[in-house]
Structures are given as structure tokens and as C-alpha cells.
Amino acid sequence: MSDLNLVSRRDFLRLTGIVSTGLIFGVNFIESKAVTASNFSPHLFLSFSEKGPIKIVCHRSEMGQGTRTAIVSLIAEELDVDLDQIQIVQAQGDQKFGDQNTDGSKSIRANWTRLRQVGANVRSIFVKAAALHFKCKPSELKTSNGTVFYQKSKIEYGQLLDLASKVSSPANAELKNPSDFKILGKKQLLLDVPDMISGKSIYGMDVRLEGMVYAALKRSPNPFGSLKSFDSKEVRKIPGVLDVFSFEAVAYSINSNAAVCVVGESTHVCFEALKRVKIEWEDAQFHSTDSKGFRAQLDSALEAADQVVSSKGSVSKFKTKDFISKKYFTPFLAHSPMEPLVATARVSSKGCEVWAPVQDPQRIRKAVASFLNIEEEKVTINVTFLGGGFGRKSQPDFVLEAVQAAKKVQRPVKLVWQREDEVKHGFYHAACAQQLTASLIDTKIQTWVHRSVFPTIMTVFNPASTTPASWELGMGATNNLYSVPNKQVLTGVVKSPVRIGWLRAVCNVFHAFAINCFVDEIAQSLRQDPIEYHLSLLKSGDEVGGYSVDRMKTVIKKVRDFSEWNERVSTQKLGFACHHSFGSYVAAVVEAEGTKLEDLKIKKIQLTIDLGQYVNPDTVKAQMEGAAVFAMSAVYYGKIDLHEGAVVQNNFHDYQMVRAHEMPQIEVEIIDNAHPPAGCGEPGVPAVVPALVNAVSRVINKRIYELPLMG
Amino acid sequence: MEKTSFTLNREQLELSVDKTTPLLWVLRDHLGLTGTKFGCGKGLCGACTVHLNGVAIRSCSVALGSIKDQKITTIEGIGNHPKFQELKRAWIEGNVPQCGYCQPGQLMNATALLTASPDLDKEAVRFGMSGNICRCGTYQRILDAIETVKNKEGNHE
């Protein structure tokens with residue numbers, strides 16, 4: 001280590017006890033991986049000790065959706081312990097925990113019954129143990145808040161550990177009746193908040209290891225480009241620079257870019273040194289692509305779109321003059337979580353250990369093992385808090401970069417992305433061109449033709465893919481709920497000039513945008529109320545791809561009534577939209593104010609969601625609020641442009657986010673029913689985007705066919 | 001290397017770190033205080049907000065050399081600040097954070113804002129907080145939490 005680090009360490013030691021919680025916690029975080037001290041672990045997810053909290057594992061990644069509190073709530077409810085008795089243990093990436101891919105708004109859906117069952121089974125162990133203790137029948141016992149009650153006596157779970165370890169666990173203990181829930185369905189305070197707001201929670205960016213060095217990359221501006229040459233002579237002389245070397249692009253399914261890597265003694269040294277590396281890049285196939293050219297490609301792909309992906313009745317039968325046809329365009333979007341991408345890796349002869357904010361630790365583990373050509377058992381993936389994810393942290397590229405660097409320098413390396421790297425080297429939400437055509441008799445839609453073309457996410461797995469997958473079109477296009485006798489969805493061929501990835505709600509966003517704006521325009525041209533017109537397109541009793549039209553109608557009516565739409569619609573500039581995705585149903589009403597884009601103000605966003613049963617109503621509301629803001633950013637500002645094959649935008653000044661002063665009032669109503677739980681993190685976005693656009697179109701007195709508004 | 005002295009969280013400090021290093025990286029990499037977050041590196045997002053003599057600044061855009069002999073407070077050292085304590089309570093009770101990454105910066109900004117101007121109206125608070133981006137979109141809860149603290153103030157009078 002250099003003097004610089006020795007000095008700062010000495011300075012740091014003088015500070016301990018006063019200001020060093022960040023580091024101390026950091027060390028604990030790392031150390032805690034080795035700690036398994038527990039007296040009794042009746043299940044992979046649970047361990048008890050005589051004193052101290054009950055440790056419950058969360059195997060899903062926390063990126064703001066409240067999953068850590070929610071996952072442990074499922075177990076705590078049936079175990080009959082209060083949340084304040086629990087310490088959450090974040091699982092490493094390992095198949096033994098079941099699916100850990102935190103994606104598709106499915107953490108609760110996939111674990112609602114499974115983890116409640118774990119809690120119920122373990123509770124019954126304590127009941128059996130208490131029956132031995134009290135010499136009574138289990139049926140004579142009751143539990144509450146981690147305590148077993150027998151007549152006037154009671155005993156805590158923690159005092160029953162010896163007996164509990166001797167009784168067998170039932171496979172299927174009886175689950176609680178939902179009417180007896182004490183935690184599920186009730187507002188709870190999130191367990192991680194106190195540490196988060198004290199700066200103590202350890203995100204990927206905050207990992208610190210003994211002997212760790214830092215790294216940053218300059219990646220090929222063109223995502224498919226390669227390195228021709230680089231000159232690092234001058235850079236190597238910079239104090240604090242330890243090494244400079246290059247990475248080749250790693251092909252799918254890693255999809256990392258070719259890059260020059262600087263390893264140094266601090267993040268800042270690496271960032272500064274990179275500015276002075278002279279690099280020549282090799283052009284790639286999309287080197288001449290710019291946004292205008294790509295738009296032209298998308299437009300002609302739309303014209304040529306002739307692959308029928310779903311069909312009902314005969315759309316060619318109707319040769320009526322009474323038809324309407326509109327085209328819609330939405331651009332590439334970047335994820336821009338507040339925490340830029342980052343990963344820390346240590347590679348030795350024993351294997352590889354990673355600390356990173358990853359959504360899919362099992363995929364990362366496989367990818368690292370395969371890259372290093374070692375067994376998966378030799379790879380440990382420690383999941384930190386994620387400072388936002390939105391789909392970007394599902395990709396393995398940034399972890400593999402850290403592993404490559406750590407392997408090269410044979411020291412622990414934290415590889416930090418700058419914001420510009422995140423904006424310019426994303427896996428983007430696909431740009432999309434659509435055309436909707438409907439023919440009408442009176443007010444009734446007789447034919448519905450939906451063309452949708454966009455570069456497919458499947459390019460992540462097979463770069464030769466050029467046609468959207470059926471599951472992508474199934475996000476809003478082929479699973480459209482309208483009752484129309486003749487319907488067709490078509491797609492076509494598009495080559496992607498960038499890497500495509502999942503972004504919150506994925507293809508639902510652009511499909512819901514086009515469909516809702518189109519129907520709103522039809523209603524407007526027919527002088528019909530948009531909500532009533534939407535309802536007229538939905539036929540009670542219909543089911544499409546597992547979605548119930550009646551549940552959608554209930555949600556629409558609920559938002560109409562609670563927003564007092566009927567009372568406000570003649571005097572205010574209101575927009576409506578609805579969408580079903582990830583098993584949930586959302587409808588939104590937006591109030592806009594102003595006369596033109598320059599004085600546009602979104603005053604209010606009101607949302608209703610039916611997601612079946614849910615864990616924490618306050619988290620559901622928070623996710624809807626967040627989705628509304630996410631949608632506003634996309635509608636106002638979201639756009640990634642290309643010039644000579646490279647991304648134009650840089651940072652938050654030209655890839656803007658909605659800020660506090662632009663905030664409308666957001667109100668959320670949740671439908672209560674007994675349906676199985678559905679998605680929460682994503683379904684809000686697709687409904688709010690078109691509701692905003694429909695409201696804004698009333699402000700500017702003009703229909704809107706392209707996003708973003710301020711671009 | 002020439003040393004830079006300053007006060008960090010009420011403790012006098014002398015550092016031999018390149019003076020052009022942004023305070024953010026001095027805190028995070030050299031001192032291990034990782035509660036101050038890196039978001040953009042250009043003073044655009046507010047994730048790295050700390051206090052310079054009680055005023056909110058973006059530590060990514062302030063060089064170590066420029067804070068010589070000044071007082072810096074980070075999220076690790078703000079715990080006893082009465083305004084911070086009130087805000088922290090409101091943040092917890094309001095379930096404000098989602099991913100939480102921007103929240104130390106949001107709280108540092110809100111603490112400085114309310115300490116300097118306890119009587120700001122709602123609109124001024126909105127603009128006062130507009131330098132801090134939250135990609136999760138927790139703004140409504142942030143603004144509500146700040147209003148709660150302001151209203152409690154009013155009740156005391």
C-alpha cells in the first residue's frame with residue numbers, strides 16, 4: 001500500500017468511535033458471511049438462539065420494492081412472531097434457496113404459500129416442543145409473538161430450543177386463515193429504513209475489503225466494437241495508478257464491452273487516469289447508426305411487418321371507410337438507478353467471491369463459474385443492497401468485469417461505473433414503433449390490427465435474434481382485453497444497434513401507451529367519455545391469457561369513482577388509462593394543467609390497483625407512487641439517442657429525471673379481494689404513461705404519438 | 001504531500017491526500033465513510049450531499065483543498081442534530097425510502113434546509129429539495145415527512 005493509504009488509515013483510526021459507522025458496518029457485513037452461530041436452525045430460512053433476534057433469510061434482492069421486509073413477513077406471520085423480533089439475513093446466490101431471480105414482480109407471488117408454509121411448519125415444531133415441556137397436548141396450546149401459551153403459563157420459543165431440536169417437523173402444518181393475519185395485509189414499518197437513512201446499509205458501492213484496490217473502465221463507445229490499440233505510458237506514471245490493461249468483449253450471454261481498465265488506489269485516481277488513456281477503437285457493424293437512421297429502419301420495419309403472431313376472426317373482411325389508423329413511437333430508455341453499477345471481486349486459487357448489487361445472483365454465479373472455468377461451488381455471490389435496479393442489475397456484465405480485473409491483479413478489486421458509463425453502456429428498454437388500425441360501425445370497433453416492431457431482448461441470449469418473442473408481444477399486445485370480433489397482432493424484423501434489456505414493466509409500457517392513446521383518441525372522435533368507452537370495449541365474463549376482464553372493469557370503475565372523474569371531466573384536463581400486467585390490474589387518472597408544454601403541470605395522479613392479496617398495503621402504495629414518478633420521467637424526458645453507433649446522452653443533465661418540484665399529488669386505492677397475490681413493482685408504470693399522455697394531449701389540444709414530450 | 005486540515009463530524013483531522021480529490025472520494029475511499037453516496041459525480045443528483053459549515057453541498061464537486069479549516073458533517077456525524085432527529089423519525093414513520101440509496105443525501109439536504117429556514121412554505125420546500133434525485137420516486141413521502149416536521153414546529157410555538 002502506498003503512503004497515501006497508510007496516512008489515511010492512521011487518520012481513520014483516530015476517527016473510530018465517532019464517525020466510522022460506515023466502515024465498521026462494512027467490515028461486519030463482510031464478516032457476517034462467515035458467522036453461522038445459531039443454536040437451532042430447523043429450516044434453511046430460519047435460525048433461533050436463546051437470546052437475540054430470530055434470523056430469517058431473505059433470498060430475493062432488495063432494490064427498493066420492500067422485498068426484504070415482505071419476504072420475512074410471510075414467514076413471521078405463520079411463525080407467529082412480531083417483525084421487531086427479526087433480523088434479516090441476506091442469502092448468497094445458491095440454488096438451495098429456490099429461484100432468486102428478482103425480476104418480473106414475482107417475489108411475493110412465488111413465495112406467498114411456500115414461505116408461509118415454512119413459518120407454519122416451524123411454528124408447529126415449537127408447539128410440539130411446548131407440549132413436551134408442559135406435558136399437555138399440542139391442541140391445548142396457543143402461540144402469539146414468539147411465545148407458546150398453556151393455560152396460565154407461557155414459554156418463549158427461545159427457551160424451547162433443546163426440546164424443539166428433538167421433535168420432527170410436519171410437512172404441511174395448517175396455514176392461518178387470512179382473517180387471523182396480524183402482519184400480512186396490514187401496514188408495517190420497513191425493517192431496513194433506520195439503517196438506510198443513517199448511511200449504515202451496505203450497497204454494492206459501499207463494500208470495502210482488506211487490501212482492496214479500485215478499478216474503472218473506458219468501454220468501446222459502440223457496444224459491439226473492439227479495441228484496436230491503447231497507450232498507457234503516461235497514465236502509468238500517475239501516482240496511485242497500479243495497472244492498466246484491456247478487456248475483450250465477452251460474448252452473450254455476458255455481453256460485456258471491450259474496454260481499457262485502470263486499477264488504482266482510489267476510485268478518483270481511476271476516473272482521472274482514464275481521461276488520459278489514449279485509445280483507438282475498431283468500428284463495428286452499427287458504427288454509422290444514428291437515431292434518425294435507426295428510426296427510419298424501425299418505420300420501414302413497421303411498414304413491412306407481416307408476421308402474424310395472433311389472429312381472431314378476419315380483419316380483411318371489413319373494407320369500411322370508417323376506420324382510424326395511427327402510428328406511435330417510443331425511444332430507447334436507460335435504467336439509471338441511483339447507484340451506478342459496481343461490483344467487488346476476489347479471485348484466488350480457491351475460487352472467486354463477489355460482493356455486488358445483483359438482481360439474479362444465481363445467474364451471476366453460473367456466469368462467473370463458466371467464465372473462470374471453475375465449479376459453481378467455488379463461486380460465492382454476496383448480495384448487497386441494490387441502490388435501485390429496474391432490470392439493469394439483472395445483467396451479469398458489470399460483475400464479470402470486476403472478476404476479470406480481480407483475476408488480473410490478484411487482489412480484491414472494486415470496479416466502479418461512472419454515471420456516464422451507466423447511461424452509455426446500458427441494456428436499453430427497446431425503442432418501438434407501432435401502428436394501430438381499427439374499423440368501426442357506429443361506435444363499435446369491428447376490426448383491430450396492432451403492428452408492433454422493436455429490437456428483441458432475445459438478442460441478449462442470441463445476437464442473431466431479429467424478431468420480437470411471443471412473450472414480449474404477450475406483454476400488452478396479444479393479451480389485449482378488448483372484445484373485438486376481428487383482431488390481429490403483427491410484428492416484423494428489426495436489428496438492434498444496442499444491447500436490449502428488461503426495464504421496469506418491459507414491453508407493457510410501450511404497448512399500453514399506444515393502445516390507451518389510440519382508444520382515447522377514438523373515444524374523443526366519437527365524443528364519448530374515455531372511461532365509459534373503455535368499459536364498453538370490455539365484455540364481462542371474458543378471460544384473456546389468465547386475466548379477468550371483470551377484475552379490470554372493477555378497477556376502472558373504482559378509479560373513476562374515487563377520482564370523481566365524472567364530476568371533474570368537463571372542467572379539468574384529465575387523462576385516463578388502464579393496463580394489466582404481471583397478474584395485476586391498474587387504472588390511472590391524471591390531471592394536467594396549463595395551455596402548452598412550457599407551462600404544463602401535472603397536478604394529480606390517482607391510481608387503483610388490484611393485485612389480489614398483498615403483504616403490506618403501504619409498500620403497494622409506495623410502489624404505485626414510484627411507478628407514477630418513473631412514468632413521468634419517461635414521458636417528460638426519457639430518450640437515449642445514438643450518433644455514430646454510440647449513445648449521445650451522458651448524465652442527469654441530458655438524461656433527466658423528474659424532480660421534487662415537479663411532483664403532483666399521488667393517491668392510490670387498493671382493491672381488496674381473496675385472489676392469489678400478483679405483481680406490485682412493475683404494473684403501475686404501463687397504466688400511468690398513457691394516462692399522462694392523454695391528459696397532456698388535452699392541455700396542448702393535440703394528440704401525442706411520440707415520446708418523450710420534452711425531447 | 002502537503003496536508004489538509006479540516007473538521008469532520010466535530011473531529012479535527014489532517015489528511016495527506018491529493019488536494020484536488022473530491023471530498024466525496026476522500027470520505028468514501030480514504031476514510032471509509034460510505035454513508036455519503038456516489039450518484040453522478042457532477043453535482044446533478046444530490047446523493048453525495050454533506051454539510052459545509054451547516055450548509056448543504058455536493059461533496060462530489062468540492063475538492064479537498066477547498067475545505068481547508070472548514071467544518072464538514074456527514075450522515076455519520078449528523079445523528080445528534082435535533083432537526084435531523086425529527087426528520088429521521090418522520091422518515092421512519094412515513095416508510096419514506098425505497099432502495100434508500102439517495103436518502104442520506106435527501107436527509108442531509110432537508111436538515112440544512114429546515115435549519116436555515118424553518119418557515120419555508122410548501123412550494124419553497126419542493127424547490128429546496130429539487131437538487132436531490134430519487135429514481136424510485138419517493139418525493140411525495142419526502143415532502144410529506146418534511147411537512148410533518150414543520151407542522152410539529154408550529155405546534156410548539
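**View 1. The C-alpha centres of domain 1 and domain 2 of chain B are 21 Å apart.** The model is predicted: local features need pLDDT of at least 70 and side-chain atom pairs count only at pLDDT 80 or more, while totals for chains, interfaces and linings use all residues. Residues are numbered from 1 along each chain as its sequence is written, and chains are lettered from A and ligands numbered from 1 in the order in which they are written. Domain 1 of chain B covers 4–77 and domain 2 covers 82–156; such bounds come from an automatic or database domain assignment.

View 2. Two residues are in contact if their C-beta atoms, placed from the backbone, lie within 7 Å. Helices (H or I, at least four residues) and strands (E, at least two) are DSSP runs, numbered from the N terminus. Ala, Val, Leu, Ile, Met, Phe, Trp, Tyr, Cys and Pro count as nonpolar, Asp, Glu, Lys and Arg as charged, and the others, Gly among them, as polar.

**View 3. In the contact between chains A and B, 61 residues of chain A meet 58 residues of chain B.** Elements that give two or more residues to the chain A side include α1 (3–15), α2 (21–32) and α18 (617–636). α18(A) gives the most, with seven residues. The chain A side divides into 31 nonpolar, 20 polar and 10 charged residues.

**View 4. The buried residues of helix α15 (residues 530–537) of chain A are Pro530(A), Ile531(A) and His534(A).** A residue is buried if 20 or more other C-beta atoms lie within 10 Å of its own, exposed if 12 or fewer, and partly exposed in between, with C-beta atoms placed from the backbone. Seen down the axis of α15(A), the buried residues fall within an arc of 100 degrees, so they line one face of the helix. The arc is that of the directions from the helix axis to the C-beta atoms. These buried residues pack against α14, α16 (549–562), α17 (565–568) and β24 (573–581) of chain A.
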